[in-house]
Amino acid sequence: MHRISIIVIKEWRESLRNKMILFGAIFLPLFMVGFAAYMVYQGRGLDDLPTQVVLFNTALMYFLLLPAIIPLAIAVYSIVGEKEQSSLEPLLATPISDLELFLGKALASVIPALVLNWASFGIFLAAASALLGGLPPHVLTPPWLAAIFGLSPLLALFSVGVTMLVSSRASDARAAYQFSSFAILPGIIPLIIYSSRKTLVSLFLVGVEGLVLVAASIIVLYFAIRVFSREQILTRWK
Amino acid sequence: MITTDGLTRHFGSLVAVEDLHLEVEKGEIFGFLGPNGAGKTTTVRMLATLIAPSGGTATVAGFHLGSQNRTIRQHVGVLTETPGLYKRLSARDNLLFFAKLHGMKDSVSQVEHYLRLFELWERRDDPAGSYSKGMRQKLALARALLHEPDILFLDEPTAALDPEAAKVVRELIETLRTKERTIFLCTHNLDEADRLCDRVALFKTRLVAVGKPQELKERMYGRCTVVHLADPGPGLEQALDFPFIKRIERVDNKLVIALSNPERENPLVVRRLVELGAQVQFVNELRYSLEDLYLDLMEGSGASN
């Protein structure tokens, strides 16, 4: 655990000195909060409560996208950056294990994604409450809270797993970004379901997506960990 | 300190290292010489437990490769050809990160010690990316030494440096020589190896030769005396009919004579030449360079690349 935390702190130090990552990590959540707040602001003064709820719930969708998008930049740089700097070999020559290195890098991406997402969600609620003079009833339902607090870690984990897999084969950050971006798909699924109006977001649906994400994350992380062996890193990574 | 027994590494059908038998003693600077693609880096990676061998066994710092890899990594330091520093982090943060990974309790003071030793202390807070190539290599060397390893693997430490920076790094390596520390130096800079190494191994997928540079040269070429003559007349080679002369060759106004014990045999040769009327100007020993030895051995090694 000690070595994992050393890796996490190093990754954060590097990220804080990388303007691209810093800009993405701060700007993107702020943009989402602003956009979501603007959306619910459109419903102010409407007597039609269902419309307000629809607008509010659509806005909440952004907080299922953020945990998948934020870790992309950190995780891509975490791998591609090491490749570009040729720093993996000296790192692997220390007593760190392959799993510790993998977990360190994964957590360094997942933790900020969750903190930023939940902080953004809090800011959004505060902004919406201020703009609307209080939150409309029936918007923060248990399914939504379960989605935002239960699915976010799984979405972030899945996203990081995909990104690490892709980055291990990519030789530059741009290519890694492009191929990793499909990791946000699971975050879009609730949006598609909700937009189709076929059914309301329910605890059942959140539970099903949670199970699908757990299974997908296990598969992706299994392969990511296999790719993350020192043998593979030094002989196969491009 | 390092013992390998039939160490082998394949990459698919490609044989990178084949049947390597090697013994490296404690406290020596051991040169591992070979052309690009000879398998030097693969050997270092196996010995530093970065990749697994396909066959054979080895002990490094007294620990078994394979079953005690983590312990081996605590006892070795590796300097790769490219420094591999975190360019956005300061020199101090780079070293502190590695000191902590090695579990060092006195990491702050140890980092300060090496930054001062390598004259990087004044720029300790500058990002490593702003350093010159020579400074980066010094910082990478400091990183490899931080945990005071018993064995230091240096893989082409001066390959990417200009002559001035290479000299600085070479001098640093010289200062690292202690009774307790073994230095395994991979290089194709033969002059560097000749100057620094106690023993060298010539390697091209397989071990071609191993020994002290001077011994290897003597084994290959014997010892030759060069006699410079003012006006060499004909028939001198034939007149020098000592049984201890292995071969004799005339090059311009010089006689190159292969001897087995020049200290004892030179006076006899010179006396005979004077008796024959030759005017001896100078007598010196013909010195072969490690480069001569390397090129001749590699050419005749027949080892596949």
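Axes here are lines fitted to C-alpha atoms, for helices over the stretch in contact, and angles run from 0 to 180 degrees between N-to-C directions. The model in these views is predicted.

**Figure 1. Confidence across the predicted model.** The model scores ipTM 0.85 and pTM 0.83. Chain A has a mean pLDDT of 84. In chain A, 93% of the residues reach 70 or more. For chain B the mean pLDDT is 88, with 98% of its residues at 70 or more. Which element of chain A has the lowest mean pLDDT? Helix α8 of chain A (residues 185-196) does, with a mean of 69. Helix α1 of chain A (residues 2-16) sits at the other end, with the highest mean, 93. In chain B, confidence is lowest in helix α11 (residues 290-301), where the mean is 77. Confidence in chain B is highest in α3(B), at 95. Where pLDDT is low, the predicted coordinates should not be read in detail.

**Figure 2. Helices α3 and α5 of chain B.** Two packed helices are described by the angle between their axes and the distance between the axes. Helix α3(B) spans residues 91-101, and helix α5(B) spans residues 133-145. Their axes come within 9 Å and cross at roughly 25°. Angles under 35 degrees count as roughly parallel, so α3(B) is roughly parallel to α5(B). The crossing of this pair is right-handed. From α3(B), the contact uses B:Ala91, B:Asn94, B:Leu95 and B:Phe98. Facing them in α5(B) are B:Leu139, B:Ala142 and B:Arg143. By class, the contact residues are five nonpolar, one polar and one charged.

**Figure 3. The contact between chains A and B.** How many residues does each chain bring to the contact? Chain B brings 25 residues and chain A brings 21. On the chain B side, α2 (69-75) and α3 each supply at least two residues. The largest share on that side, five residues, comes from α3(B). The side of chain B that touches chain A holds 12 nonpolar, five polar and eight charged residues.

**Figure 4. Helices α6 and α9 of chain A.** Helix α6(A) covers residues 142-169, and helix α9(A) covers residues 203-227. The two axes come within 8 Å and cross at roughly 20°. The 35-degree limit applies again, so α6(A) is roughly parallel to α9(A). Here the crossing is left-handed. The contact of α6(A) with α9(A) has 22 nonpolar residues, five polar and one charged.

**Figure 5. Helices α6 and α7 of chain A.** Helix α7(A) runs over residues 173-180. It packs on α6(A) at an angle of about 140°, with the axes 9 Å apart. Roughly parallel or oblique? Roughly antiparallel requires an angle over 145 degrees, and roughly perpendicular covers 65 to 115, so α6(A) is oblique to α7(A). The crossing is right-handed. On the α6(A) side the contact is made by A:Val162, A:Thr163, A:Val166 and A:Ser167. On the α7(A) side it is made by A:Ala176, A:Phe179 and A:Ser180. Four of the contact residues are nonpolar, three are polar and none is charged.

**Figure 6. The domains of chain B.** Chain B is divided into domain 1 (2-211) and domain 2 (222-288). How far apart are the C-alpha centres of domain 1 and domain 2 of chain B? They lie 45 Å apart.

Technical notes:
Residues are numbered from 1 along each chain as its sequence is written. Chains are lettered from A and ligands numbered from 1 in the order in which they are written. This is a predicted model: local features need pLDDT of at least 70, side-chain atom pairs count only at pLDDT 80 or more; totals for chains, interfaces and linings use all residues. Helices (H or I, at least four residues) and strands (E, at least two) are DSSP runs, numbered from the N terminus. A crossing is left-handed if the near helix is turned anticlockwise from the far one by less than a right angle, and right-handed if clockwise. Two residues are in contact if their C-beta atoms, placed from the backbone, lie within 7 Å. Ala, Val, Leu, Ile, Met, Phe, Trp, Tyr, Cys and Pro count as nonpolar, Asp, Glu, Lys and Arg as charged, and the others, Gly among them, as polar. pLDDT is the predictor's confidence in each residue, from 0 to 100. Domain bounds come from an automatic or database domain assignment.
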